[in-house]
Amino acid sequence: MGEVLTIEAPGRVALVEEKLPEVPEGGFRVATAYSGVSAGTELTYVKGDNPYLNATFDRELGLFVPGTPSIEYPVRGIGYMQVGQVVETRTTAVREGARVAMAYGHRTAYVADPLADRFVELPEDLDPLLGVYVAHMGPICANGLLHAAHDLYGPAARRLGDGVHGRRVVVVGAGVVGLLVACFAMHGGAAEVVVVDETPARLEVAAALGADVLAASQDDTDDDPAVTLKRRWRHGPQDRGADVVFQCRGRARALALGLRLLRPQGTLVDLAFYTEGAGEVRLGEEFHHNGLSVRCAQIGRVPRGLAHAWDRERLSYETIGLLREWGPRLRRHLVTDVVGFRDAPLLLGDLAARRRQSLQAVLRHEIEEEGG
């Protein structure tokens, strides 16, 4: 038996027992060691504002059709940042004892099929807790960098950092996605990386990771980050601002600010998830007059013409490279909460209700409890 996190209804989170199947020929079983919490996507189910709860996404048409929900309560197995140890294997694809990064939801154990379930074996020199970023979250952020590279070089882009190398970069939003994107940009050789956010504590983390920071205030011209950076970053007459902006906060005002930060004909790479729409985005102002572009970097797709060279495995490989260099700093500054699986319902409930603030929370499970 194992346990799985379930959201019974908005605001109601619990751990329930889950019967595991026998390991089939060609499969393997993992005991979870760490499971990272996404304070964005996962909390939309706890709060009840995820669009899948109120509409069906027609993948053929690429449209949300209101009415019948795609997902209904209880919602089980959310989460996409797991690290487990292989405790039983009936395949040559992975050895017993290996540590693997996967995306199988918040559960204490999982039986996997290597033909259906993606897994990445973690190198011995990597902090296993940071392995929560390898399977999915790291590739999400790396894909943002890849879109910037494609915007500049098209299918000729060769390196992940091609779109930021030697360029002035702004990251809007200092959550986990924004901070990892900032680290990828610094890792890729950006001339300058500035992180903009409304929360002083998050800006402190960004600064500790090595980025420059600005508060996201537009109340006063002297404190407006767009004015500050456009005074500082000059490319030519009437050409000021960021070469590329990565928008990583799911609020319309953050997107509006990101557009204001760009130089004329610049590109904003959008990694955010707007559960409330984007009514505050003023498309008649900077977006129109400066000829700007917005590119959505969603993990379901890499840029056109690059799928043959940049699959999910390569994005995970780039993530491992980042973690090898930045791991100690990320472990020290980004991971703010490590709690036991038993405390997961309370943690998610508190985060959704804003009774608790966390940057990156990680659920820890002692593998010995599973007898592995």
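Modeller: One rule to begin with: helix axes are lines fitted to C-alpha atoms over the stretch in contact, and angles run from 0 to 180 degrees between N-to-C directions. Keep in mind that this is a predicted model. Now take helix α2, residues 137-153, and helix α8, residues 312-333. They pack at an angle of about 100°, and their axes are 9 Å apart.

Colleague: What makes α2 roughly perpendicular to α8?

Modeller: Angles of 65 to 115 degrees count as roughly perpendicular. The angle here is about 100°. Therefore α2 is roughly perpendicular to α8.

Colleague: Which residues of α2 and α8 meet?

Modeller: From α2 come Gly138, Pro139, Ala142, Asn143 and Leu146. From α8 come Arg312, Leu315, Ser316 and Thr319. By class, the contact has four nonpolar, four polar and one charged residues. Gly is counted among the polar residues.

Colleague: Which residues touch the most other members of the largest nonpolar core?

Modeller: Tyr133, Met137 and Phe246 do, in a core of 63 residues. Elements that each supply at least two residues include β3, α2, β16 and α8. Helix α3 gives the largest share, nine residues.

Colleague: What does Tyr133 touch, not counting residues up to four places away in sequence?

Modeller: Its contacts include Met81, Val176, Leu180, Leu323 and Leu334. Gly138 and Pro139 are also among them, as is Thr319. Those three residues also take part in the contact of α2 with α8.

Colleague: Why is Ala297 called buried?

Modeller: Buried means under 20% relative accessible area. Ala297 has 6%, so the residue is buried. Ala297 is found in the loop between β18 and α8. Leaving aside neighbours within four places in sequence, Ala297 is in contact with Asn143, Gly144, His147, Val269, Asp270 and Leu271.

Colleague: How do you know that helix α6 is mostly covered?

Modeller: Eight of its 10 residues are buried. The helix spans residues 252-261. Its buried residues include Ala252, Leu255, Gly258 and Leu261.

Colleague: What makes Gln265 count as exposed?

Modeller: Exposed means over 50% relative accessible area. Gln265 is at 69%, so the residue counts as exposed. Gln265 lies in strand β17, residues 262-270. Gln265 also has a positive phi of about 60°, although it is not a glycine.

Colleague: Why is Arg354 called exposed?

Modeller: The cut-off is over 50%. Arg354 has a relative accessible area of 58%, so the label is exposed. Arg354 sits in the loop between α9 and β20. Its phi is positive, about 65°, although Arg354 is not a glycine.

Colleague: How do you know that strand β4 and strand β5 pair?

Modeller: Two strands pair if there are at least two bridges between them. Strand β4, residues 55-58, and strand β5, residues 63-66, have four bridges, in the antiparallel sense. The pairing therefore meets the rule. Thr56 has Val65 in β5 as its bridge partner. The hairpin has four residues between the strands, and Gly62 takes a positive phi near 70°.

Colleague: Why do β2 and β6 stand at the edges of their sheet?

Modeller: The sheet is open, with three antiparallel strands in the order β2-β1-β6. Strands β2 and β6 each have a single partner strand, so one side of each is left without a neighbour in the sheet. Strand β1, residues 2-9, pairs with β2 over seven bridges. Leu5 stands opposite Leu15 in β2. Helix α9, residues 344-352, packs on the sheet and touches β1 and β2. The direction of α9 makes about 155° with that of β2.

Colleague: What is that angle called, roughly parallel or roughly antiparallel?

Modeller: Angles over 145 degrees count as roughly antiparallel.

Colleague: Where does Pro74 lie?

Modeller: Pro74 is in the loop between β5 and β6. A cis peptide bond joins Tyr73 and Pro74, with omega about 0°.

Technical notes:
Residues are numbered from 1 along each chain as its sequence is written. This is a predicted model: local features need pLDDT of at least 70, side-chain atom pairs count only at pLDDT 80 or more; totals for chains, interfaces and linings use all residues. Side-chain values use heavy atoms; hydrogens and water are left out. Angles under 35 degrees count as roughly parallel, over 145 as roughly antiparallel, 65 to 115 as roughly perpendicular and the rest as oblique. Contact means heavy atoms within 4.5 Å. A nonpolar core is a set of buried Ala, Val, Leu, Ile, Met, Phe, Trp, Tyr and Cys residues joined through side-chain atoms within 4.5 Å. Buried means under 20% relative accessible area, exposed over 50%, partly exposed in between (1.4 Å probe, protein chains only).
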